[in-house]
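Dear colleague,

Please find the structure below.

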Amino acid sequence: MTTRTARRSMATRSKSSQRWLKEHFSDPYVKKAQAEGLRSRAAYKLEELVERDRLLKPGMVVVDLGAAPGGWSQWLRQALLALYPANPGRIVALDILEMPTLAGVEFLHGDFREDAVLSALEGALGSQQVDLVLSDMAPNKSGMDAVDQPRMMHLAELAMEFADRHLRIDGTLLIKLFQGVGFDDYVRELRRHYAKVAIRKPDASRKRSPEVYALALGKLSAPKLSAPKLSHPKSPAGP
Ligand SMILES: C[S@@+](CC[C@H](N)C(=O)[O-])C[C@H]1O[C@@H](n2cnc3c(N)ncnc32)[C@H](O)[C@@H]1O
């Protein structure tokens, strides 16, 4: 990169980061989160998604993947305590980044792609089956779709595999996805494993973000068979 190109790209980047900061501090969900003492505006996405489908149940076991800085776990713990004070259930949260302690939330620090981290999560669950798997995991964005999208899909695949193994029958998986390459196949696969799959874009999700949430309800005891591929037999040779 020439010095002039580098200077131009730094100027563009600083303009876009200035725009981001301006947008961030005038964002009503950021203001609301600050006023309500929530760790992130992302909590309002979860609130909308959970309340619409009444996903909370007494004594439920929830796994929150990609939990830092903790807005989802924090909101969830408060909501479960308010609804079921005698039996608020259990929340196990995990992130590759450190997360300050939250009362009533067990936290595991590690990279979900690593076998040792998955084993630690499985160890923490013991023999308990999970009622709700949440994944708000997203890789650090490089800004290049060809890099970010496969990384995102990889995390989503791992979360689906985890839900296959640890979610109880009839349980729910709520997962963030980016619309792009691999999205349709992923949703098709979810539809094989769950009774109902809806794609949601909560109000607090920024309009220009490619993120949407797949809500997969009613895990099936066995996946549905894939739709048979249509074969196109060659027409017999003519006379
Ligand atoms: C959008 S943030 C989650 C925000 C969170 N739901 C909240 O309400 O505060 C996405 C998170 O995914 C985490 N993440 C990304 N890759 C991960 C990985 N391989 N293992 C675990 N966490 C990961 C990031 O560190 C980041 O904290």
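How far apart are the end C-alpha atoms of helix 4, and what span should its 13 residues have? At 1.5 Å a residue (times one less than the number of residues), helix 4 should span 18 Å, and its end C-alpha atoms are 18 Å apart, which agrees.

Please note that this is a predicted model, in which local features need pLDDT of at least 70 and side-chain atom pairs count only at pLDDT 80 or more, while totals for chains, interfaces and linings use all residues. Residues are numbered from 1 along each chain as its sequence is written.

Helices (H or I, at least four residues) and strands (E, at least two) are DSSP runs, numbered from the N terminus. Seven strands form an open sheet of mixed pairing, in the order 3-2-1-4-5-7-6; two strands pair if DSSP finds at least two bridges between them. Strand 3 (105-109) and strand 6 (194-200) are at the edges with a single partner strand each, so one side of each has no neighbour in the sheet. Strand 5 (167-178) and strand 7 (211-219) run antiparallel and are joined by six bridges; Leu177 has Val212 in strand 7 as its bridge partner.

Among the buried residues of helix 4 are Trp72, Trp75 and Leu80 (buried: 20 or more other C-beta atoms, placed from the backbone, within 10 Å of a residue's own).

Helix 4 (71-83) and strand 2 (90-95) each supply at least two residues of the shell around the ligand. Of the 23 residues around the ligand (C-beta atom, placed from the backbone, within 6 Å), Ala42, Gly66, Gly71, Phe112 and Asp136 come nearest.

With kind regards

Note on methods
Buried ≥ 20, exposed ≤ 12 C-beta atoms within 10 Å, placed from the backbone.
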